[in-house]
Amino acid sequence: GIFKDLNEGYIQAWMKAVKAQFLLWPVIDSVSIAGISLVFVVSVSWISQGFTGITAGIVVAFMGYISRFWEPVSNLGNFYNAIINAIAYLERIFETNDEQPLVDDLPEAVEMPLIEGKVRFNHVNFSYEKGERRILKDVSFSVEKGETIALVGPTGAGKTTIVNLLSRFYDVESGQVIIDETDVRSVTLNSLRKQMGVMLQDSFIFSGTIMDNIRYSKLDATDEEVIKATKAVKAHDFIIEMEEGYNTEVNERGSRLSAGQRQLISFARALLADPKILILDEATSSISQPQAQLILRFPSVNVRVSANFIWHP
């Protein structure tokens with residue numbers, strides 16, 4: 001619903017900008033051409049009638065002056081079009097920023113204690129819109145510290161929904177999501193999520209160096225800590241083989257990297273933050289089975305929850 005409303009508003013603002021663009025520039029151009037044509041017709045008429053003091057050179061020069069007069073006016077019109085487009089984008093940005101989050105800290109929320117690692121879903125029910133079909137119905141399970149579980153099922157079964165509820169991107173309709181006997185709704189979002197590492201199938205790579213991409217999860221990390229994380233996920237070898245190693249520039253979304261390399265860099269980024277809970281949403285689809293096993297056994301991670309990921313040790 002929110003996404004649809006935002007897109008409809010964006011379309012309306014964009015169409016207004018396009019209408020202004022396609023009206024302003026043709027009008028200026030048409031007036032310029034009409035003025036030049038009028039001068040040409042009148043001048044030819046006067047010359048043919050024998051008016052003295054009017055020559056072909058004067059007519060050409062005058063037409064040139066008219067063209068140069070309209071050139072800055074046309075540029076102003078194009079500049080106005082650019083402003084209109086920018087205003088349309090800014091309007092959507094401001095409206096998006098003004099949207100109230102569906103999940104926020106409760107007034108009595110406290111800091112999440114250091115996570116030990118026990119996770120429990122207690123009779124959880126959830127649907128994305130009130131009154132619609134429930135995605136999760138009376139779901140209960142528990143994950144002990146150091147345990148790895150896999151959520152397996154067809155598309156739409158609710159695997160991603162479960163990991164979203166654990167990270168509290170959504171709140172449950174009823175029931176509880178409990179970490180170490182603490183309901184996730186009773187703690188602040190920042191204190192909860194800073195102890196979690198979330199890996200999605202579509203790993204986002206920023207424009208910049210590989211080192212900066214990995215350090216994004218822990219901005220004060222040293223180079224040695226970054227390298228330690230890449231070695232843990234077996235990404236160090238392919239990184240040092242690149243032309244500038246960790247200082248190699250990559251494009252936005254990592255177009256010059258393979259899908260597996262992007263996922264390994266994202267894994268290193270997640271592990272660098274030293275998460276107590278590691279959530280994987282089809283995050284190992286392009287990574288070899290031995291590498292995936294090594295990542296899931298990373299010693300500082302207390303709980304690993306993987307959606308639709310199966311491996312045999």
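**Notebook: sheet, helices and surface of the chain**

**Entry 1. Starting point**

I began at phenylalanine 121, which stands opposite valine 177 in β4. I note that the model is predicted, that local features need pLDDT of at least 70 and side-chain atom pairs pLDDT 80 or more, and that totals for chains, interfaces and linings use all residues. Residues are numbered from 1 along each chain as its sequence is written, and side-chain values use heavy atoms, with hydrogens and water left out.

I use the DSSP runs for helices (H or I, at least four residues) and strands (E, at least two), numbered from the N terminus. I count two strands as paired if DSSP finds at least two bridges between them.

**Entry 2. The chain as a whole**

I found nine helices and 10 strands in the protein chain. Of its 313 residues, 39% are buried; I take buried as under 20% relative accessible area, exposed as over 50%, and partly exposed as in between, with a 1.4 Å probe and protein chains only. The accessible surface comes to about 18,200 Å², and 58% of this belongs to carbon and sulfur atoms. These areas come from the Shrake-Rupley method with a 1.4 Å probe, and for residues only the protein chains shown count as cover.

I also looked up contacts, meaning heavy atoms within 4.5 Å. Among contacts with a separation of 6 or more, 71% are between residues 24 or more positions apart.

**Entry 3. The four-stranded sheet**

In what order do the four strands of the open sheet stand? I read the order as β2-β1-β4-β5, with antiparallel pairing. β2 (136-143) and β5 are at the edges with a single partner strand each, so one side of each has no neighbour in the sheet.

I then went through the pairs.

- β1 and β2 run antiparallel and are joined by five bridges; valine 124 stands opposite valine 139 in β2.
- β1 (residues 119-126) also pairs with β4 (residues 174-179), antiparallel, over five bridges.
- β4 pairs with β5 (residues 182-183) in the antiparallel sense over two bridges, and threonine 182 in β5 is the bridge partner of isoleucine 179.

The hairpin of β4 and β5 has two residues between the strands, and aspartate 180 there takes a positive phi near 55 degrees.

**Entry 4. Other positive phi values**

I noted histidine 123, not a glycine, with a positive phi of about 50 degrees. Histidine 123 lies in strand β1 and is partly exposed, at 44% relative accessible area. Lysine 234, also not a glycine, has a positive phi of about 60 degrees. I placed lysine 234 in the loop between α6 (223-232) and α7 (236-240), where it counts as partly exposed at 45% relative accessibility.

Why do I describe helix α3 (residues 159-166) as largely enclosed by the rest of the structure? Seven of its eight residues are buried. Among them are Lys159, Asn164 and Leu166. Just after α3, arginine 168 takes a positive phi of about 60 degrees.

Valine 184, in the loop between β5 and α4, counts as buried at 3% relative accessibility. Leaving out residues up to four places away in sequence, I found valine 184 touching Leu165, Leu166, Arg168, Val177, Ile179 and Leu192. Valine 184 and methionine 112 are 72 residues apart in sequence, and their C-alpha atoms are 8.3 Å apart.

**Entry 5. Serine 191**

Is serine 191 buried or exposed? Serine 191 is buried, with a relative accessible area of 1%, and lies in helix α4 (residues 189-193). Its side chain reaches the backbone nitrogen of methionine 112 at 2.9 Å. Leaving aside neighbours within four places in sequence, I list Val110, Glu111 and Met112 as contacts of serine 191.

**Entry 6. A nonpolar patch**

Which residues make the nonpolar surface patch of about 760 Å²? I list Tyr10, Ile11, Trp14, Met15, Tyr89, Leu90, Ile93 and Phe94. Patch residues have over 30% relative accessible area and no salt bridge; like charges are joined within 9 Å, and nonpolar side chains (Val, Leu, Ile, Met, Phe, Trp, Tyr) within 5 Å. A salt bridge is a side-chain nitrogen of Lys or Arg within 4 Å of a carboxyl oxygen of Asp or Glu.

Helices α1 (2-48) and α2 (56-98) each supply at least two residues of the patch. Phenylalanine 94 is in helix α2 and is exposed, at 51% relative accessible area.

Definitions and conventions:
A polar contact is a pair of N or O atoms within 3.5 Å; within protein, one must be able to donate a hydrogen and the other to accept it, and residues adjacent in sequence count only if both atoms are side-chain atoms.
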